[in-house]
Amino acid sequence: MKLLFLFLLLTFLLFNETGAVGYVNMGHSLSDEIIGGKESRPHSHPYMAFLDIIRGNTWDYCGGFLIHREFVMTAAHCAGDSITVKLGAHNVRKREKTWQTISVKRQFPHPEYNDEKILNDIMLLQLENEAMMTTAVWPVPLGSRFDSDSPGQQCLVAGWGGTKPKPRGSDTLQEAELRLMNPSNCKGFNDFDERTQLCVGTPNSLKTTFSGDSGGPLVCSGVAQGIVSYGNNEEPPSGFTRIAYYSSWIDQILKAN
């Protein structure tokens, strides 16, 4: 009986230490922070990009990921009046020799992006200068229709969004393993589209994303399959943009520019 009591007490304390607080009921809320994750090993995800975004007189930030020397991919809802990309960073508040800070020359949000329903939430950013390839800065391959993204598969998400101790954002890159779910698990989202989106995150688990992680990649077996898009408070699952669906559009933008 004493062992049972101690087990229940530890479970209660663990849940209250790492559990998540609220978001938007069964609607859409742009995804923000990694809950229940851990700090990444510095520069172990060299494709990661930190986006400084200016909109009018306000500052915002998102995640993104390098897919080509001259292009970063992110979510369309991360668009701004001007964007600066920081590559090769682990701690975004402490300058490192590995940093490459490059202005965005042109933003390519998907032409059918719907900001009310958060559909087609994908954008390409053309950099002012090509990124220099190093051990801390390297592109990630993109998912195609030939890659597997089956329910049950474990994938990795990373970002500088808020965490439980630091809701305003993490200085250091955080990561978490999330499971691809059956689309039926996202039926609570009125506008979830299984052709263009992935349902990600085990229901009732303590691991999920929230809003400063927006635009970051979901990497499965070394391939970027999804983009952090929206969720339901801090309760998984969440909706991720399915990259493979947009292969033709992506190729068109890259070849034209």
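## Aromatic pairs

How many aromatic pairs does a search of the whole structure find? The search finds six. Rings of Phe, Tyr and Trp (its six-membered ring) pair if their centres lie within 6.5 Å; planes under 30 degrees apart count as stacked, over 60 as edge-to-face and the rest as tilted. This is a predicted model: local features need pLDDT of at least 70, side-chain atom pairs count only at pLDDT 80 or more, and totals for chains, interfaces and linings use all residues. Residues are numbered from 1 along each chain as its sequence is written, and side-chain values use heavy atoms, with hydrogens and water left out.

Phe 50 and Tyr 61 are stacked, because their ring centres are 5.4 Å apart and their planes lie at 20°. Phe 50 sits in strand E3 (residues 48-55) and Tyr 61 in strand E4 (residues 58-68), eleven residues apart. Strands are DSSP runs of at least two residues, numbered from the N terminus. Both Phe 50 and Tyr 61 are buried. Buried means under 20% relative accessible area, exposed over 50%, partly exposed in between (1.4 Å probe, protein chains only). Tyr 245 and Tyr 246 form an edge-to-face pair, 5.1 Å centre to centre with 80° between the planes. Tyr 245 is partly exposed at 33%; Tyr 246 is buried at 2%. Ring pairs also join Phe 50, Trp 59, Tyr 61 and Trp 160 into a cluster.

## Salt bridges

There are three salt bridges. The criterion is a side-chain nitrogen of Lys or Arg within 4 Å of a carboxyl oxygen of Asp or Glu. Arg 55 pairs with Asp 60, closest N and O atoms 2.9 Å apart. Both ends are partly exposed: Arg 55 at 28%, Asp 60 at 29%.

Arg 93 bridges to Asp 171 at 3.3 Å between the closest N and O atoms. Arg 93 lies in the loop between strands E6 (82-87) and E7 (100-109), Asp 171 in the loop between E9 (154-159) and E10 (174-179), so the bridge ties together parts 78 residues apart in sequence. Arg 93 is partly exposed at 45%, as is Asp 171 at 25%. Asp 193 meets Arg 195 at 3.1 Å, N to O. Asp 193 counts as buried, at 18%.

The structure holds one cavity of 30 Å³ or more. On a 1 Å grid over the protein atoms alone, a cavity is a set of points where a 1.4 Å probe fits but cannot get out; lining residues have an atom within 4 Å of a point. Volume is the space filled by probe spheres set on the points, which are joined across faces, edges and corners.

The largest cavity has a volume of about 60 Å³. Its lining includes His 43, His 45, His 90 and Leu 173. By class, that lining has five nonpolar, four polar and no charged residues. Ala, Val, Leu, Ile, Met, Phe, Trp, Tyr, Cys and Pro count as nonpolar, Asp, Glu, Lys and Arg as charged, and the others, Gly among them, as polar.

Conventions
On a 1 Å grid over the protein atoms alone, a cavity is a set of points where a 1.4 Å probe fits but cannot get out, and a pocket is an open set with protein on both sides within 12 Å along at least five of seven lines; lining residues have an atom within 4 Å of a point. Helices (H or I, at least four residues) and strands (E, at least two) are DSSP runs, numbered from the N terminus.
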